[in-house]
Amino acid sequence: MIAQILVDVKAKNVNKTYDYLVPENLIDFIEIGARVVVPFGNRKVMGFVLGLTDKSEYEQQLKTIARILDLESFLTKELIDIAIDLSKKTNTLLIRVLETILPSALKVIYKPKIKVIDYSGLPEHLKQLFAYQKQIYLDNIPLELYSSINQEIKKNSLVQIYEIKEKQSNLTKNYVKLTNKAVEKITDKQKSVIDYLKTKKDEEELMPILLKSLNITGSVVNTLEKHGYVEIYEKEVYRKVETLYETTDKEITLNDKQTIIHERIVAYLNQEKTFLMHGVTGSGKTEIYLKTIEKAIENDKNVLLLVPEISLTPIMISRFKSRFGDLVAAIHSGLSSGEKYDEWRRIIKKDARIVIGARSACFAPLDNLGIIIIDECHESSYKQNSGLIYYANDVLEQRSKVHHCPLVLGSATPNIDSYARAKKGLYELLELNERALNAKMPKIEVVNMLEEFKSGNDETFSKKLSEEIKNRLERKEQVILLINRRGFSNFVICRECGFVFKCPNCDISLTYHEYSHSLKCHYCNHEEKIPSVCNRCGSKELSYMGSGTQKIEKYLHEKFPEARVFRMDNDTTRKKNAHEILLDKFAKEGDILIGTQMIAKGLDFPRVTLVGIIQADSNLYVPDFRAPEKTFQLIMQVSGRSGRRNIEGQVIIQAMNPEHYAIKYACNNDYQGFYQEEMKIRRYARYSPFYYLIDLLISGKNIRDVFYTGIEISKEIKRLADNSLIVLGPAMDQAIKINNRYLASVLIKYRDKENLNEMINQIIDKYQSEEVFINVDNYPSFG
């Protein structure tokens, strides 16, 4: 048998499979997707088995697989096919795509060792080093000997080799189990162990629990084992992914509209079909998900559910575990490396049949999928923008075709592209126009902050918002305040010369953080102390401009000292389970929750009756054709957190430009009006959904190299393609520097994508170099 193996070497010239002989002792159980160790050149490397065959086109003697790392494969054939497709689409090395798909715990560690080849030829000081062992880890060799060792490697007296170690191991714990041996003379403490184990399932217990329960030492159990009365053994256990939320199983009764939609989806459980479920906030989309998933499980099918934010994952897991117990697995970036590893293995072993997670869960190794659901499908967080650029929605659309199962896209504000597809009949549109539980849509008001400033109010909050917050506090109701900036102030400026303090690595202003009294870059994490004088003119007249979440928090403590205020942003949610802990505390004891976009969707707090949106139009004027759509979606989503039960909610929007169409349509809860307006603009400007888009992202340390490459690429595309392609860029005034690398863009608009990826890959191969890197973004409309 011959294995086709992709080796773990990040180089373009080895971005293919190599044929290796499978040893006789591995033939019976080696699987596609397994990790193996193979000789490659003069070293051994890890590789993935991507195929098994009986013949090889390679005419010379094949090398043999050295050893196998997995008795159970962590990669399915389906995931391998997805990886190959992504590799071709993005011109990314296949080994890097597989690393993105798999949990980081499955990466191997190459640990360097120095091995003796000719002991007699070594100098005396190295003979002493290798006197008792012929291989030593490089880390264990004193640094002062490196030079001598390097010389001996060149003389072939020593050689550097690599030991391949797995990054993560299975978790095992010690158990104590009764044997069948008849018990004779034993002490009282030993008898208490025997009696205790007889009460347990399978007559076994975890060693630490047994010792603590009986208040005894390990020697008691060891003596029992010595006499053969008990067995002490290691048993593999999974690292548990727990949530703080109570898992009470509530029976769900769908209303008439929900029932119609549920039955429509269930009718297609064994067919490939995409549904766009457009339901207003609070219309009960999650209840439909639960009922539909219940039906899929009854039909012995598996389920994949994506949510956009880590903060929403524990809430969903809690609801689903109350109904489906240990059938539920979670995959998201908030888990530890070991937890992800165990959840992945639970899915592979079919111990878990429902997977809930954020973007990376789109690669969950589920087979026999019965339904795939993407909640809040419009969210840009479903797109990965660094490294391998992929869009989870696109991956799952492929998977629904493979499994012949429905794909459900749920959103109160679907993106323009998805809604246009539904209008054309490519998706089936399912509409929920009313809230569940007879709740009313919130009343929305807009405050013109320019008029507010003219009237003499120079504070962050309008008079109206301050009054309504006071009212809610008096009535013991809750308030959510959204602002798009974390930190204390947006930037620090010199009032004498206008100098703005910027990150030395990025073309981005530094944000002032009061709690650490520092300036931080939110792109590369650069941090520096607060300056006392201007870097340009030396003036001490420095001002802190704008309002971040920290500044709003401080203002609220001063204005409403009795209020219990919680702040939710990247700074307060860095620790494990921080999202869950914070939201749980707010639900039970909070008055006001301040946050960035992470609080805008999916949260359901019955006592929240007021939502305030600070600087609602702050993102309208960034150079992005999706800016109005993103603003509309954000306002609609966060507004939906208000009045979700029997008390009518209120939303107050503060904006400098309240007449903008995105804000006006959001205030009227008019998705259709916004959709029609946006479609007119995009048709005229030739953007999606009227044109497909591909963005070539060109980066490098030298701005001249970046722009020269961008210009040459633009010329090459125009030369190779016909007039149906529109090529924009690179634009000098839109170049940015992030983490000491300049970034420029060449945007391609097209209608027919035949052979386009092949042409782009050829261009990248021609122009990419050590100085300039080119990344392909096939989804600029969604990120």
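**Aromatic pairs**

Guide: Tyr-555 is buried, with a relative accessible area of 14%, where buried means under 20%, exposed over 50% and partly exposed in between, with a 1.4 Å probe and protein chains only. This is a predicted model, in which local features need pLDDT of at least 70 and side-chain atom pairs count only at pLDDT 80 or more, while totals for chains, interfaces and linings use all residues. Residues are numbered from 1 along each chain as its sequence is written, and side-chain values use heavy atoms, with hydrogens and water left out.

Visitor: How many aromatic pairs does the structure hold?

Guide: Rings of Phe, Tyr and Trp (its six-membered ring) pair if their centres lie within 6.5 Å, and planes under 30 degrees apart count as stacked, over 60 as edge-to-face and the rest as tilted. The structure holds 20 such pairs. In one of them, the ring centres of Phe-461 and Tyr-555 lie 5.0 Å apart with the planes at 70°, which means that the pair is edge-to-face. The two belong to distant parts of the chain, 94 residues apart, with Phe-461 in the loop between α14 (449–454) and α15 (463–474) and Tyr-555 in helix α16 (residues 549–559); helices (H or I, at least four residues) and strands (E, at least two) are DSSP runs numbered from the N terminus. Phe-461, at 1% relative accessibility, counts as buried.

Visitor: How far apart in helix α1 are Lys-89 and Asp-85?

Guide: Lys-89 and Asp-85 are four residues apart in helix α1 (residues 77–90), and so are separated by about one helical turn; their side chains form a salt bridge of 3.5 Å, N to O. Lys-89 is buried at 19%, whereas Asp-85 is partly exposed at 23%. A network of salt bridges links Lys-464, Glu-468, Arg-472, Arg-475 and Glu-477.

Visitor: In what order do the six strands of the open sheet come?

Guide: Two strands pair if DSSP finds at least two bridges between them. Here six strands with parallel pairing form an open sheet in the order β21-β31-β30-β22-β29-β28. The edges are β21 (443–448) and β28 (565–568), each with a single partner strand, so one side of each has no neighbour in the sheet. Neighbouring strands are turned by 15° against each other on average, direction ignored. Within the sheet, β22 (residues 478–482) and β29 (residues 592–595) pair over four bridges, and Val-479 stands opposite Ile-592 in β29. Helix α18 (residues 627–639) packs on the sheet, touching β21, β22, β30 (608–613) and β31 (650–655), and its direction makes about 160° with that of β30. Angles run from 0 to 180 degrees between N-to-C directions, with axes fitted to C-alpha atoms, for helices over the stretch in contact, and contact means heavy atoms within 4.5 Å.

Visitor: Which residues have the most contacts inside the largest nonpolar core?

Guide: In soluble globular proteins, nonpolar side chains tend to be buried together. A nonpolar core is a set of buried Ala, Val, Leu, Ile, Met, Phe, Trp, Tyr and Cys residues joined through side-chain atoms within 4.5 Å. The largest one has 132 residues, and Trp-344 and Phe-363 have the most contacts inside it. Helix α9 (residues 285–298) gives the most to this core, with six residues. Apart from it lies another core of 24 residues, among them Ile-717, Leu-725, Ala-735 and Leu-756. Not counting residues up to four places away in sequence, Phe-363 touches Leu-79, Ile-82, Leu-86, Ile-101, Trp-344, Tyr-390, Val-395 and Arg-399.

Terms used. A salt bridge is a side-chain nitrogen of Lys or Arg within 4 Å of a carboxyl oxygen of Asp or Glu.
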